[in-house]
Amino acid sequence: MSAYTPHTPGDVAAMLSAIGVGSIDDLVAHVPAHLRERARIGLAPGLTEPDLRRALGDLAAKNEVVTEGATFVGAGAYPHLAPGVVNQILLRSEFATAYTPYQPEVSQGTLQSIFEFQTFAALILGLDVANASMYDGASATAEAVLMARRLVPGRSTVLVSRGVHPHYRETLATYVQGLADVRLREVPLDADGRTDMAALAGLIGPDTMCVVLGYPNVLGVVENVAAAATAVHAAGGLAITATPEPLALAYVRSPGGCGVDIAVAEGQSFGLPVSYGGPGVGLFATRDAHVRAMPGRIVGETVDAQGRRGYVLTLATREQHIRRQRATSNICTNQGLCALAVTVYLSMLGRDGLRRLAETNYRRAHAVAARLEAVGVPRVGSAPFFNEFVVRAPGAARAWEQIVARDGIVPGYPLARWLPEYMDTLLVCVTEVHDDPAVERLVRTLTPAGPAARAQAG
Amino acid sequence: MLLPEPLIFERGSHGRSGWSASAPIADPVASLPAELRREDDLAGLPEVGELDVLRHFLRLSQWNYSAATTMYPLGSCTMKYNPVVNEDMARLPGFAALHPLVPEAAAQGALEVVWQLERALAVVSGLDAVSLQPAAGAQGELLGMLLVRAYHADHGGPRGRVLIPTSAHGTNPASSALCGYDVVEVPVGRRGLLEPAAVDKVMNDGVAALMVTNPNTLGLFEEEIEAIARIVHARGGLVYMDGANMNALMGVAKPGDMGVDVMQYNLHKTFSTPHGGGGPGAGPVAVRAILQDYLPAPRVVRRDGAFAWETEAPKSVGRVRSFYGNFGILVRALAYMLRVGGPGLEEVTRLAILNANYVRARLTGAYPAAYDTPVLHECVLSDKQLQGFGVHTLDVAKRLLDYGFYAPTIYFPLVVKGAIMIEPTETESKETLDSFVEAMLAIAEEARTAPQRVLEAPHNTWVSRLDETRAARRPVLRWRGPAQVCGEAEEN
């Protein structure tokens, strides 16, 4: 008997008799015998629940080399605190164990919360409408480009800033590799860490389908999105932003406010744990005019037979189950429970809480950058940033793994692993999870050992 | 008794403070130039207290049916019990609070989770290598077809077409199109099965792959799969298997033995991770050795007794998402596999097959089966005998909600008119199946004696039938301000 099946021998006998066969083997007799003979699953017998807890508890414990509060890394996954209410709601089986709301009359909880999620996503991104979510920020970026392809037919060049998160750029390249009519061109960064506007202007032309910028970009820099959007619009293309840290958008001008046509973001910061990189959730928003070209599930408001307000999946004629190979995307579901986490989180923080949290992140990160500068760990570039920035720290960047093992602190991410031109630098992220004692440890760890090292760093 | 609840944006009061993580920082820092600052001061976000938020979402939760609260016989979705212990496991701080970019030495436990799960999934599939990166089944399909494309590019140039049976799920053609393939539909035969002759007719050296679901969306095992695979292979094609229905195959047949070259799993189906109202899932891809060099980087490897991420992958098709996949879901799936064990997984499949056949045997009198062919883990019935009373599949589905059950998958697969696709899963007891069967039979009786009762269903739910046409014609896709209440406002 397996762990979660309720059948007694008596049940099985009664059911077989109702079916009219002698054994379960009879029910699979039409599967070729030689396949069945080889089908044994060579895995160990099941564990009891206490043994399972021990086995996975031991594995989890092996990861407790550094705490979250001592990990000064964002780079696409941001440590933040979340109100207890978020986890309480995520544990509600009524949300967690339902599926795509095909029967709206008994799925209004899921549907209304997605409608609220769409409203939050549109508000945060500063655009008119949003979908029910995508898998993550990276695949949302790829889907945004595929949407631009539908909106600007006949053009093939996609200009992608080198400041877009490298995983997002790689995912985009993966998604379009089978499409002969899409060509990716990289736009370089300038010495300050911003997308090089002169280079961008030189690349924009009559074949430009869209421009994709990171906002903030992978260096934590707040790009001049408005200027890029103006430039690409003048040539008849679209502007897209991809945001790995959406908390920044509570502080900086919204993508919509900068004039972009499609904005995507990774929503993990809003209530989800970093969880070794997943699951996250992709936020995806655009302007009203483009809604029918949007990928993914969308929930809309309507009324029932008695005129009561209710919600349903809508605009389904864009989707794979109706359009099959002509669908706007192959996506089937969304990232439902993660979208719910975002919805609960943003409801809890509200306008005031989110504003203050963004302010806290901005101020703490800037204060830490100033502390590091003062001890001889200078910032690279001077472009505006939010809660993440690049410092020159040759010693720490080279001995990064040893420092983590020795000090139990991750003093940033060695950026050269992604962008080789940023040799000897660390990408440092500071949020509300990093308290004052942790910041002191960071400063101590990064302070160059002596005058010689200080001179080298300068 | 269900309680009413407005939108969260309609609750609260201006000036109410939100949840706060920390005290404001006094350090003086230069602020951003005005033209870079948020332009609207976040107007529109709610201003609500903690209790109001908790109450809001608890009330919404009570408007849902879910697999935990009732039988959820949604065919092709495998709505089995999602063990609660797995939720505890995924929330262990060593997993949940682990940043994906810490050095490998600080993440050995996480890498071992990936390693163990990859190996377990390889064993179940009978294939050689596994990537856990795809975030969902459809993304696994996309990755699988990109692997096929890369393989052919490496062996004489990419091919242009993919064969897909008419019974396939819509994601199959959509995923193929996204890889640049043209889709050629292959009709299913009289028994609901794919026939070698039909494949032989369209298979040539322009075809990259056959994309097949086994058991197919009718719940039927593709009995000729090996012969079909030989035809495809003989002309240089590959066989992709949609593994959505793996709950029917554990201990019965391994895809690797059937001639399958590449497949995706749906961990939220077969391996019990919660469906979450539509995600997050996970769609790992398993491949034969000939395809493993094309899998996404990074891949977990073992060097000198330690686990590491191998990033060198010159032939890789590239990554399909950030970091390593939906790790929290992977933890849950591994927890399930460890708890159930190898012999237990075989038992899971046997009882899933027993449950589906039991429901089918008890219901085919009132709801004729689409095909007489023996079924595995799900069955497709139809509304044929009710149509004379003006009652259709949709009405049966809605009425079932009144009896306290979620509805089966309806009108799918498209090859069956008025399809009612039921997948009970192995975790439902005989008593629950009996009440479900009795509800279905009662509805069939009502269709004859009181059809209006069925046509106007549901009667006992929070809202009655919703106007989907109106939703599509005048899309209201977000809250836009207090003017819009009770669905009266036009799109602005």
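How many residues of chain A are in contact with chain B, and how many of chain B with chain A? The points below take up this question and then turn to the individual elements.

1. **Basis of the note.** This is a predicted model, in which local features need pLDDT of at least 70 and side-chain atom pairs count only at pLDDT 80 or more, while totals for chains, interfaces and linings use all residues. Residues are numbered from 1 along each chain as its sequence is written, and chains are lettered from A and ligands numbered from 1 in the order in which they are written.

2. **The interface.** In answer to the opening question, 167 residues of chain A are in contact with 168 residues of chain B, two residues being in contact if their C-beta atoms, placed from the backbone, lie within 7 Å. Helix H13(A) supplies the largest share of the side of chain A that touches chain B, namely 22 residues. Sorted by class, that side of chain A holds 85 nonpolar, 53 polar and 29 charged residues, where Ala, Val, Leu, Ile, Met, Phe, Trp, Tyr, Cys and Pro count as nonpolar, Asp, Glu, Lys and Arg as charged, and the others, Gly among them, as polar.

3. **Helix H13 of chain A.** This helix covers residues 336-374 and has 39 residues, yet its end C-alpha atoms are only 45 Å apart, short of the 57 Å that a straight helix would reach at 1.5 Å a residue; the expected span is 1.5 Å times one less than the number of residues. H13(A) bends by about 90 degrees at A:Gly350, the bend being the angle between axes fitted to the seven residues ending at a residue and the seven starting there. Of the 39 residues of H13(A), 30 are buried, which requires 20 or more other C-beta atoms within 10 Å of a residue's own, whereas 12 or fewer make it exposed and values in between partly exposed, with C-beta atoms placed from the backbone. Just after H13(A), A:Gly376 takes a positive phi of about 95 degrees.

4. **Chain A overall.** Chain A contains 17 helices and 12 strands, which are DSSP runs numbered from the N terminus, helices being H or I with at least four residues and strands E with at least two. Of its 458 residues, 62% count as buried, and the C-alpha trace spans about 85 × 55 × 50 Å along its principal axes. Among contacts in chain A between residues at least 6 apart in sequence, 74% join residues at least 24 apart.

5. **The sheet of chain A.** An open sheet of 7 strands runs in the order E1-E7-E6-E5-E4-E2-E3, with mixed pairing, two strands being paired if DSSP finds at least two bridges between them. Its edge strands are E1 (129-130) and E3 (183-187), each of which pairs on one side only. E2(A) and E3(A) pair in the parallel sense over 5 bridges, and A:Leu159 stands opposite A:Arg185 in E3(A). Because 4 of the 5 residues of strand E2 (residues 157-161) of chain A are buried, this strand is largely enclosed by the rest of the structure.

6. **Strands E4 and E5 of chain A.** Strand E4 (residues 208-214) and strand E5 (residues 238-243) run parallel and are joined by 5 bridges; A:Gly214 has A:Ala242 as its bridge partner in E5(A), and A:Leu213 stands opposite A:Thr241. Both faces of E5(A) are covered, with A:Leu238, A:Ile240 and A:Ala242 buried on one side and A:Ala239, A:Thr241 and A:Thr243 buried on the other.

7. **The nonpolar core.** The largest nonpolar core has 327 residues, of which A:Leu125, A:Cys210, A:Ile240, B:Leu147, B:Tyr240 and B:Leu330 touch the most other members; such a core is a set of buried Ala, Val, Leu, Ile, Met, Phe, Trp, Tyr and Cys residues joined through C-beta atoms within 7 Å. Helix H11 (residues 327-363) of chain B gives the most to this core, with 21 residues.

8. **Two helices of chain B.** In helix H6 (residues 171-178) of chain B, 8 of the 8 residues are buried, and the elements against which these buried residues pack include helix H12 (320-323) of chain A and helix H5 (137-154) of chain B. Just after H6(B), B:Gly180 takes a positive phi of about 90 degrees. B:His233, found in helix H8 (residues 225-234) of chain B, counts as partly exposed because it has 15 C-beta neighbours inside 10 Å.
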